Amino acid sequence: MERAIRHTWFFPHSPERVWEYLTKPELLAQWLMESNFRPEVGHRFQFHTKPIVKFNFDGNIYCQVLELEPNKKLVYSWKGGNGKGEVSLDSLVTWTLAAKNGGTELQLVHSGFKGFRNFMSYIIMNQGWLKIAKRFLKNLNQSAHVPTGA
Amino acid sequence: MSQPALDVFQVIADPSRRQILQLLTKNSLTISSLAENFDMSRPAVSKHVKILNDGGFISIRNIGRERYCMLRQEGFNDLQQWIGYFDSFWASKLKKLEALLDSREPKK
């Protein structure tokens, strides 16, 4: 039921080669972001990106390696906030590599988003509200008792 | 606006405001009928309603002599946008990775 971001890509390169690009800081910097990443469970590292004021996000992403299976799987936490202790983003990034057709199928799942100070799960659980709201508004608009110019 | 605008997260940070939204998913309600669900005073409920209204989460419509609160999509869209931001973030990063891999390594 949980909403997650999913991307699946195929690379005509070996999992070992793709793995290097996911785990070597100097290679990560070339396509993702500068970081002090180390392929070591428990290691904490940071990424920096553009702040988004509207979402109370100062551009710093705090991560910790949670799971590591060379050439197969990499999981890290992905947290951010306003820099004043308020967490607006508390999520999980999972990379899965699978050898396929002489190359690598790389799957990214960015999940959780339960942070959001827990709003997102609330919104997700209640996604049905839109339908309900629309139905209601439609009924309301059809009702003869509604003053149109109110 | 007399109050400083709250960001979308602050708007729904308050449990009472979340409960108001929850109640409104079932039906549109007057402020009085909303207030029946809470221990707080009607003016206190009105204040929360105003914040939700300013944040785009609900709209208020006058029907007869009553003011009805109903859900509005706008505020929720802002939250969706936040997830959408990371969705396109990853898509563009992966494209970059693809180009990088293809340029660096001869295909086997």
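Colleague: How many bridges join E2(B) to strand E3 of chain B?
Modeller: In this predicted model, six bridges join E2(B) to E3 (residues 66-71) of chain B, and the two strands run antiparallel. One facing pair is B:Ile58 with B:Leu71 in E3(B).

Colleague: What is the strand order of the open sheet in chain B?
Modeller: The order is E1-E3-E2, with antiparallel pairing. E1 (29-30) and E2 (58-63) of chain B each have a single partner strand, so one side of each lacks a neighbour in the sheet.

Colleague: Which strands does helix H2 of chain B lie across?
Modeller: Helix H2 (residues 15-26) lies across E1, E2 and E3 of chain B, at about 95° to E3(B). Helix H4 (residues 42-54) of chain B also packs on the sheet and touches E2 and E3, its direction making about 115° with that of E2(B).

Colleague: Turning to the core, which residues have the most contacts inside the largest one?
Modeller: They are A:Tyr76, A:Trp78 and A:Trp95, in a nonpolar core of 59 residues. Helix H5 (residues 73-104) of chain B gives the most to this core, with nine residues.

Colleague: And how many aromatic pairs are there over all chains?
Modeller: The count is 17. One of them, A:Phe47 with A:Tyr76, is tilted, at 6.4 Å centre to centre and 50° between the planes. A:Phe47 is in strand E2 of chain A and A:Tyr76 in strand E4 of chain A, 29 residues apart.

Colleague: Why is the pair of A:Phe57 and B:Phe86 edge-to-face?
Modeller: Their planes stand at 70°, with the centres 6.2 Å apart, so the pair is edge-to-face. This pair crosses between chains, and B:Phe86 is in helix H5 of chain B.

Note on methods: Residues are numbered from 1 along each chain as its sequence is written. Chains are lettered from A and ligands numbered from 1 in the order in which they are written. This is a predicted model: local features need pLDDT of at least 70, side-chain atom pairs count only at pLDDT 80 or more; totals for chains, interfaces and linings use all residues. Side-chain values use heavy atoms; hydrogens and water are left out. Two strands pair if DSSP finds at least two bridges between them. Helices (H or I, at least four residues) and strands (E, at least two) are DSSP runs, numbered from the N terminus. Contact means heavy atoms within 4.5 Å. Axes are lines fitted to C-alpha atoms, for helices over the stretch in contact, and angles run from 0 to 180 degrees between N-to-C directions. A nonpolar core is a set of buried Ala, Val, Leu, Ile, Met, Phe, Trp, Tyr and Cys residues joined through side-chain atoms within 4.5 Å. Buried means under 20% relative accessible area, exposed over 50%, partly exposed in between (1.4 Å probe, protein chains only). Rings of Phe, Tyr and Trp (its six-membered ring) pair if their centres lie within 6.5 Å; planes under 30 degrees apart count as stacked, over 60 as edge-to-face and the rest as tilted.
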